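Please take a look at the sequence and the model below. A short report on the fold and its contacts follows.

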Amino acid sequence: MEKSSPFHFNDPTPITQPFLAWEKLRIYYNLILLAITLGLTALTPELLSVRYFWSTSILGALGANVCFCAGPVTENYLALIGANRGVTRAILFGLGCFFACLLAVGIVVSLIFDLRGF
C-alpha cells in the first residue's frame, strides 16, 4: 500500500496556469476600475484639482491590486477540495470586481462630497 503524501493532490493543473489566467483577468479588472473612476471624475472635473485626489487614486489602485491577489490563492485552495476551477474563477472574479467597483464608487463619491463641502 502506497503511503499518501500531504503534498499530493488530485488536481493535475500546473500551478502556473491559474496564476497566468488571473493575470489576464487583472487587465480587465484594472480597466473596469479605471473606467468607473474616470467616468465619475468626468462628471465632476473639478475633482482633479483636489490635492489628495491623485494620492487617493494611486493608493486605491495599489490596494485593489493587492486584494486581487486573493483570487488565485482562493481558487487554488478551493481546487484542492474539489471545486471546478472555471466556475470558481468566474465567481471569484465577479464578486471581487463587484466589491472593488462599490469601493471605487464610494471613494470617488466621498471625494465629491468633500469637494462640495457636505
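Val 50 sits in the loop between α1 and α2. Helices here are DSSP runs (H or I, at least four residues) and strands are E runs of at least two, numbered from the N terminus. Val 50 is buried, at 10% relative accessibility. Buried means under 20% relative accessible area, exposed means over 50%, and partly exposed lies in between (1.4 Å probe, protein chains only). Along the chain, Val 50 and Leu 115 are 65 residues apart, but 7.2 Å separates their C-alpha atoms.

This is a predicted model, in which local features need pLDDT of at least 70, side-chain atom pairs count only at pLDDT 80 or more, and totals for chains, interfaces and linings use all residues. Residues are numbered from 1 along each chain as its sequence is written, and side-chain values use heavy atoms, with hydrogens and water left out.

Thr 44 also belongs to the loop between α1 and α2. Thr 44 is buried, with 5% relative accessibility. Which residues does Thr 44 contact, leaving aside its neighbours within four places in sequence? They are Ile 112, Leu 115 and Arg 116. Contact means heavy atoms within 4.5 Å.

**The whole chain**

The protein has 4 helices and 0 strands. From the N terminus on, the order is α-α-α-α. Of its 118 residues, 27% are buried. Take the contacts between residues at least 6 apart in sequence: 82% of them join residues at least 24 apart.

**Helix pairs**

Two packed helices are described by the angle between their axes and the distance between the axes. Axes are lines fitted to C-alpha atoms, for helices over the stretch in contact, and angles run from 0 to 180 degrees between N-to-C directions.

| Helix pair | Axis distance | Crossing angle |
|---|---|---|
| α1 (residues 16–43) and α2 (residues 53–68) | within 11 Å | roughly 150° |
| α1 and α3 | 9 Å | about 145° |
| α3 (residues 70–80) and α4 (residues 85–116) | within 10 Å | roughly 145° |

Start with α1 and α2, whose axes cross at roughly 150°. That angle makes α1 roughly antiparallel to α2. Angles under 35 degrees count as roughly parallel, over 145 as roughly antiparallel, 65 to 115 as roughly perpendicular and the rest as oblique. The α1 and α2 crossing is right-handed. A crossing is right-handed if the near helix is turned clockwise from the far one by less than a right angle, and left-handed if anticlockwise. On the α1 side, the contact uses Trp 22, Leu 25, Arg 26, Tyr 29, Asn 30, Leu 33 and Thr 41. On the α2 side are Phe 53, Ala 64, Asn 65 and Phe 68. These residues divide into 7 nonpolar, 3 polar and 1 charged. Ala, Val, Leu, Ile, Met, Phe, Trp, Tyr, Cys and Pro count as nonpolar, Asp, Glu, Lys and Arg as charged, and the others, Gly among them, as polar.

Next come α1 and α3, which also make a right-handed crossing. Pro 18, Phe 19 and Trp 22 of α1 meet Gly 71, Pro 72, Glu 75 and Asn 76 of α3. That contact divides into 4 nonpolar, 2 polar and 1 charged.

Last, α3 passes α4 in a right-handed crossing. From α3 come Gly 71, Thr 74, Glu 75, Asn 76, Leu 78 and Ala 79, and from α4 come Arg 85, Thr 88, Arg 89 and Leu 92.

Leaving aside neighbours within four places in sequence, Glu 75 touches Pro 18, Trp 22, Arg 85, Thr 88, Arg 89 and Leu 92.

Arg 85 lies in helix α4. Arg 85 is buried, with a relative accessible area of 13%. Its side chain makes a polar contact with the side chain of Asn 76 (3.0 Å).

Glu 23 is in helix α1. Glu 23 counts as partly exposed, at 40% relative accessibility. Glu 23 and Cys 69 are 46 residues apart in sequence and 9.3 Å apart in space, C-alpha to C-alpha.

How values were computed. Polar contact = N/O pair within 3.5 Å; in protein donor to acceptor, adjacent residues only side chain to side chain.
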